[in-house]
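I opened this notebook page to record what I looked up in one protein model. The entries follow the order in which I consulted the structure.

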Amino acid sequence: MTPDLDQHLADAATAIAAAADLDALRIVDAELLGKQSVVTTARKALGAMDVEERKVAGRLLNEVRAGIQEQLEARRTELESAARSEQLESERLDLTELDRGRRLGHRHVVTRTWERLEDLFVGMGYTVSEGPEIEDEWHNFGALNFPPDHPARDMYDTLYVDHGEPGSTLLRTHTSPVQIRVMEAGGPPIYSIMPGRVFRSDTADSTHMPVFHQLEGLVVDRGITFGDLAGTLEAFTRAYFGGDFTSRLRPSYFPFTEPSAEFDIRRPDGTWLELGGCGMVHPNVLEACGLDPEEWSGFAFGFGLDRLALMRHGIDDLRELFRNDQRFLEQF
Ligand code: DAH
């Protein structure tokens, strides 16, 4: 029995080394260790032996089996790594050899969403405004009627910048501070949108990113009402998503608006999706910008731009927008 198994082990090694890919190795595996294999057959024969003989033969058989398994495992690792290198090589993008005539790239899906929204609001008579990504505490919170130490500040996981007084400089947590800058820069009438990048110390998951984009809207004029806000958001919803979509407002709370609302859209299948926040600009905010609330009134709204892109294109993981995987981005 002994020479037999030695020979078998040697043959096994040859067969394993000869397996050219993982499929071939699976077949060799079944032949060497499966029901019909030499090892299994020999194990069955153990039953007919006497105790001492069985002990010796059994141990030997286990060693041979373990030897075969070890070789199979080693070859499997080798073939897997070869298969992976081959895949990487086949998917490699050689940007130096791009045929520019035929393979022109296109703008990122978030950029296109951004531009589409700008076009849409510009078409409704709005201007586009920008503000700094590194903000001071006053514009991000104070002027927006967040009292010092108010719990509403905790809703925003703020990333502070090591500059000036501790807590005085931060990465803006929303685009609402641009409202303040727009009001400071010039008086009403104001009809403006403020798209931009915002930051929160969130852990990335399928619905959160520490860096994302928002679009803010601000209207300040004489006699602006809540009805103007609702009508504007409804017009936006239909223009952006299509005539079979509609919108609704639900009571909510934001320090910088009174009353405040949550803005939802209804999809053609009847389901509602939360899109953003809105409300009538709080008199304290108008006053902080030197505007008389008796003379001027306005509304504001803000929503996540990336979420809009996800919804429009049926993407289910926010992180895909930031991974820069060409195979994903090419689809949009
Ligand atoms: N800034 C709010 C946020 O990031 C969103 C928001 C709510 C903006 C209401 C507004 C508004 O202009 O009126 O959660």
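The entries below go from domains to sheets and then to helix packing.

**Entry 1: model and domains.** I note at the outset that this is a predicted model. I looked up how the protein chain is divided and found domain 1 at 2-91 and domain 2 at 109-329. I then checked the separation of the two domains: their centres, taken over C-alpha atoms, are 63 Å apart.

**Entry 2: the seven-stranded sheet.** I traced an open sheet of seven strands, ordered S1-S5-S6-S10-S9-S8-S7, with mixed pairing. Its edge strands are S1 (127-128) and S7, each of which pairs on one side only.

I next examined individual pairs. Strand S5 (residues 190-199) and strand S6 (residues 211-221) run antiparallel and are joined by ten bridges. Within this pair, I located Pro-195 opposite Leu-215 in S6.

At the other pair I inspected, strand S7 (residues 246-254) is antiparallel to strand S8 (residues 257-266), with eight bridges between them. I recorded S7 and S8 as a hairpin, with two residues between the strands. I also looked up the bridge partner of Phe-254, which is Thr-257 in S8.

**Entry 3: the three-stranded sheet.** I found an open sheet of three strands in the order S2-S4-S3, with antiparallel pairing. Strand S2 (134-136) and strand S3 (159-160) are at the edges with a single partner strand each, so one side of each has no neighbour in the sheet. I counted three bridges between S2 and strand S4 (residues 169-171), which run antiparallel. Asp-136 stands opposite Thr-169 in S4.

**Entry 4: helices on the sheet.** I followed helix H5 across S1, S5, S6 and strand S10 (297-304); H5 runs at about 165° to S5. Helix H7 (residues 176-185) also packs on the sheet, where it touches S5, S6 and S10. I noted that the direction of H7 makes about 40° with that of S6.

**Entry 5: H5 against H8.** How do the axes of H5 and H8 cross? I found that the axes of helix H5 (residues 109-123) and helix H8 (residues 226-241) come within 11 Å and cross at roughly 130°. H5 is therefore oblique to H8. The crossing of the two helices is right-handed.

I then listed the residues that meet: Thr-113, Arg-116, Leu-117, Leu-120 and Phe-121 from H5, with Phe-236, Ala-239 and Tyr-240 from H8. Sorted by class, this contact of H5 with H8 comprises six nonpolar residues, one polar and one charged.

Terms used
Residues are numbered from 1 along each chain as its sequence is written. This is a predicted model: local features need pLDDT of at least 70, side-chain atom pairs count only at pLDDT 80 or more; totals for chains, interfaces and linings use all residues. Side-chain values use heavy atoms; hydrogens and water are left out. Axes are lines fitted to C-alpha atoms, for helices over the stretch in contact, and angles run from 0 to 180 degrees between N-to-C directions. Helices (H or I, at least four residues) and strands (E, at least two) are DSSP runs, numbered from the N terminus. Angles under 35 degrees count as roughly parallel, over 145 as roughly antiparallel, 65 to 115 as roughly perpendicular and the rest as oblique. A crossing is left-handed if the near helix is turned anticlockwise from the far one by less than a right angle, and right-handed if clockwise. Contact means heavy atoms within 4.5 Å. Ala, Val, Leu, Ile, Met, Phe, Trp, Tyr, Cys and Pro count as nonpolar, Asp, Glu, Lys and Arg as charged, and the others, Gly among them, as polar. Two strands pair if DSSP finds at least two bridges between them. Domain bounds come from an automatic or database domain assignment.
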